[in-house]
Amino acid sequence: MRAVRIGEVTVEAGQSGVAAVNVARMPRGDDLEITIHVVNGAKEGPTLGLACTSHGDEAYAILVIGEVLKRVDPKALSGRILAIPVLNPVAFESGTRLTTVSMITNEDNLNTVFPGDPEGSLAARMAHAIKQEFADRVDCLLDFHCGGVDSDINYTLAKECEGKLAATMDGVIRAYGSRIVQYYTTMAISMSPATTLADVVLARGMPALAPMCGGGPTYLSKPEVLDKAVEGVLNVMRHLGMIAGRSVPAAEQLIVKTKRVIRHRHGGYFIPIVGNGATTSTVPGGTLLGKTISPYTFEVLEEIKAPFAPTVLIMTRACLSRVSPGDYAYIVADGASAVTRKA
Ligand SMILES: [Zn+2]
């Protein structure tokens, strides 16, 4: 691959490097930068983009990206990896989903403000820099989202595409190999249409998906999730011809059609009954998933039950946690309308 220059850093063929893209000067005097890892292959090939932490509390896949970068030798690589472990350093610092400094606007969700605006909100400025220096250069994108400190998630979210791109997307989705996949037509967050990082790449006719994996409770209790995600990325790289070896598509994937986000109705102290060990499994309709009690009176404020017969668990709230009304409790899908797809 020819040399690539990002920010002040040039990375030659067969070399790795770390670049920083300047976004803005922050109030305390430091520069907000987006860190981009570059693994520039010795041989020609596609550019794979890996990204994580556009929501600041969804940090688990930082470990996935770190492990992939450790395992890939630029001298044996055909193509290039561009990787951003922390898309939103401001939200990561505050440990929050959204960008919590600056004037609060409806543009604080980095995940929904692409392609960004160099004269827009702080999140929109970050999105613009990420588009220019990262998204516009990649031929395939995996934009990881994860559970937060108290939740575990595991599925792949992918846009329903047409024609040639649909087949290309399919190949990457099967190679990454999530057990559960959901295709969407229009991304909507709380009823507002959203343009994500993946949408920016898809608009250029390139495959882009959002694998969701892990979360705070997952790291110690389910170490296989990290191994499987790393293997999924390496398998995508084999599929794209970037590293040696034969890509093996997932033997079987569950394509879910009807998905529901169950939110807490009342604030209080949440006691899980079905937790992260059960993510990606199916439970009978009516199964008690967890309950919220008043920490003041011990009264049971809410019992959360599996709504579908059967219910596929996509995200579980896995820890004892203080919850507020409207927080995500579980993400589930209707098992009856789900379809198993074989390799
Ligand atoms: Zn997210």
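Is I314 buried or exposed? I314 is buried, because 23 other C-beta atoms lie within 10 Å. By definition, a residue is buried if 20 or more other C-beta atoms lie within 10 Å of its own, exposed if 12 or fewer, and partly exposed in between, with C-beta atoms placed from the backbone.

## Basis of the model

The structure is a predicted model, in which local features need pLDDT of at least 70, side-chain atom pairs count only at pLDDT 80 or more, and totals for chains, interfaces and linings use all residues. Residues are numbered from 1 along each chain as its sequence is written.

## Two domains

The chain is divided into domain 1 (4-250) and domain 2 (260-336), with bounds that come from an automatic or database domain assignment. The C-alpha centres of domain 1 and domain 2 lie 28 Å apart.

Between the domains, 13 residues of domain 1 are in contact with 14 residues of domain 2; two residues are in contact if their C-beta atoms, placed from the backbone, lie within 7 Å. On the side of domain 1 that touches domain 2, the elements giving two or more residues are β8 (151-159) and α6 (218-221). Helices (H or I, at least four residues) and strands (E, at least two) are DSSP runs, numbered from the N terminus. The largest share of this side, five residues, comes from β8. By class, the side of domain 1 that touches domain 2 has four nonpolar, five polar and four charged residues. Here Ala, Val, Leu, Ile, Met, Phe, Trp, Tyr, Cys and Pro count as nonpolar, Asp, Glu, Lys and Arg as charged, and the others, Gly among them, as polar.

## Helix α7 and its partners

Helix α4 (residues 163-176) and helix α7 (residues 224-239) have axes that come within 7 Å and cross at roughly 140 degrees. That angle makes α4 oblique to α7, since angles under 35 degrees count as roughly parallel, over 145 as roughly antiparallel, 65 to 115 as roughly perpendicular and the rest as oblique. Axes are lines fitted to C-alpha atoms, for helices over the stretch in contact, and angles run from 0 to 180 degrees between N-to-C directions. The crossing of α4 and α7 is right-handed; a crossing is right-handed if the near helix is turned clockwise from the far one by less than a right angle, and left-handed if anticlockwise. G171, V172, A175 and Y176 of α4 meet G232, N235, V236 and H239 of α7. These residues comprise four nonpolar, four polar and no charged.

The axes of helix α1 (residues 62-71) and α7 come within 9 Å and cross at roughly 55 degrees. Helix α1 is therefore oblique to α7. This crossing, of α1 and α7, is also right-handed. The contact joins L63, V64, E67, V68 and R71 of α1 to L226, A229, V230, V233 and L234 of α7. Its residues divide into eight nonpolar, no polar and two charged.

I314 is found in strand β19 (residues 311-317). Not counting residues up to four places away in sequence, I314 touches I153, Y155, I180, K259, I331, V332 and A333. From C-alpha to C-alpha, I314 and V23 are 35 Å apart in space, and they are 291 residues apart in sequence.

Q182 lies in strand β9 (residues 180-184) and counts as buried, because it has 22 C-beta neighbours inside 10 Å. Leaving out residues up to four places away in sequence, Q182 touches Y155, L157, V256 and K259. Q182 and K259 are 77 residues apart in sequence and 8.4 Å apart in space, C-alpha to C-alpha.
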